[in-house]
Structures are given as C-alpha cells and as structure tokens.
Amino acid sequence: AIASQIAQAAARARLFELERESRAIAERHADSMQRLQQLTAQLSGAVDPEDVAEIVIDCGSALVGALRGGLWLVDEDARELRLLRTSGYPPAWVDGFGSLPLERGNLIVDAYLDRAPVWIPSREEYARRYPALEASTREARLPSELAIAAVPLWAGDAAIGALAFTFPGTVRFDEEGRAFLEALAQQTHQAIERARLYRAEQSARAEAEAERSRAAFLAEASA
C-alpha cells in the first residue's frame, strides 16, 4: 500500500511538473509572438530598405537578446552580399565584412546560398566549422564565449540577403528560438520587398510627373 501511495505521489508530482513546463512554454511563446507583432508594426511604416535594416538590427537585436547584429543584401549582379546595417561591431571589423563574395567558408554566405539558417551554439563549434572567422572575432573584442545565428532572407526560390546575430555565452537554439529568428527574417524579407516596391513606385511617379511637365512646357513654347 505504501509503495502504491509513493508511486501515485510521484506520478502526481510528475504531472504537476509537466503542466508547469507547458504553461511556461505557452507563456514564452505568447511573449515571443507579442514582441514579433510589435516589431512587425514598426516595419509596416518603413519606406526604404535602410529603414527596415535599422529597425531589425537596432530593435531586433534587443528583442532576441543579441549582443551584435548585421543585415546583408545581395547586390544587383548577385556576386556578393553587401552590409546594409550593423550594430555593436568595431569599425575595423565592419570594414572587413562590408562586402562578402558569394563563396563558401562564411556562415552568412552559407546561410544565403543554402537558403537555410546556420546555428552556431558556442565558440568551440564556431572554431570547428569556421576557424578563420572565429579567429577574426577575437580582433572584434567579442566575448570569450559566444553563439551566432545566420538566417537567410528568402521566400520561395528568391533570396535577397541574410541576417546575423551574435549572442553572449552559449545558446542552445531550441525549436522556439529558431522559429522566432526565422519568423523575424521572414518579416524582414517582406518589409524590404515592400520598401523596394514603394521606392520604385515613387520613382515612377516622379518620372511621370517630370515627363508631364516637359510636355506642358514644350506645348506652351510651341503655341
């Protein structure tokens, strides 16, 4: 009887622990979605890619708890990724990563080429997979322990760039954390495409207005 009571108590304790964990996960998920919605609202008002990059890197870094962040877009010839916005890195490091040729060996480029995120949970893993890059982080005065996430900006078959965030300490990058960063990248991609469309429409409108003005001037001059 005592053994049965102990077993039942243990089962109830385990059930209670599972319920507590489920509530905690639900609360974290709700908080993440709220933060993403707030950032999405900010992005909706961005009228050019530079505005989008500023919001994502400056505000997004704080939201995800990153120490540093950067956003790269592919150039018109699709030969390299060009840095549009960064935060937290020293100027010397930024100069070296301002343009990234589309060649393997850089986690940001790899994320873009593979259309898949690259998760680096620790400096040890960084040194194993990208030894040259890991060595450069020492010059950038990054923490002795760090984690990095590089996430592509893409939809369907179209990729336009990549995001990268550096975190202090080791990061496990669980399913929820990965989903949040991928959702952030998706929102960034959409916001940049909207901004580009807006800029193109504004340019076309200005060109049409200039053409009307020239036509009116010529008509008046020939009258």
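In α2, the buried residues are P49, V52, A53, I55, V56, I57, G60, S61 and V64. Keep in mind that this is a predicted model.

At the start of the helix, a side-chain oxygen of D48 comes to within 3.1 Å of the backbone nitrogen of E50. After α2 comes G65, with a positive phi near 80°.

Next, L133, which sits in helix α6, residues 131-139. Is L133 buried or exposed? Its relative accessibility is 9%, and the cut-off for buried is under 20%, so L133 counts as buried. Neighbours within four places in sequence aside, L133 contacts F97, G105, N106, L107 and Y126. Of these, take G105: 28 residues separate it from L133 in sequence, and the C-alpha atoms are 8.5 Å apart.

Last, the cavity. The structure has one of 30 Å³ or more, and the largest cavity holds about 120 Å³ of space. Its lining is made up of 15 residues, with Y89, W93, L107, Y126 and I148 nearest the centre. Two or more lining residues come from each of α4 (107-114), α6 and β6 (158-168). Which element gives the most to the lining? That is α6, with three residues. By type, the lining has 11 nonpolar residues, four polar and no charged.

Notes:
Residues are numbered from 1 along each chain as its sequence is written. This is a predicted model: local features need pLDDT of at least 70, side-chain atom pairs count only at pLDDT 80 or more; totals for chains, interfaces and linings use all residues. Side-chain values use heavy atoms; hydrogens and water are left out. Buried means under 20% relative accessible area, exposed over 50%, partly exposed in between (1.4 Å probe, protein chains only). Helices (H or I, at least four residues) and strands (E, at least two) are DSSP runs, numbered from the N terminus. A polar contact is a pair of N or O atoms within 3.5 Å; within protein, one must be able to donate a hydrogen and the other to accept it, and residues adjacent in sequence count only if both atoms are side-chain atoms. Contact means heavy atoms within 4.5 Å. On a 1 Å grid over the protein atoms alone, a cavity is a set of points where a 1.4 Å probe fits but cannot get out, and a pocket is an open set with protein on both sides within 12 Å along at least five of seven lines; lining residues have an atom within 4 Å of a point. Grid points are joined across faces, edges and corners, and a volume is the space filled by probe spheres set on the points. Ala, Val, Leu, Ile, Met, Phe, Trp, Tyr, Cys and Pro count as nonpolar, Asp, Glu, Lys and Arg as charged, and the others, Gly among them, as polar.
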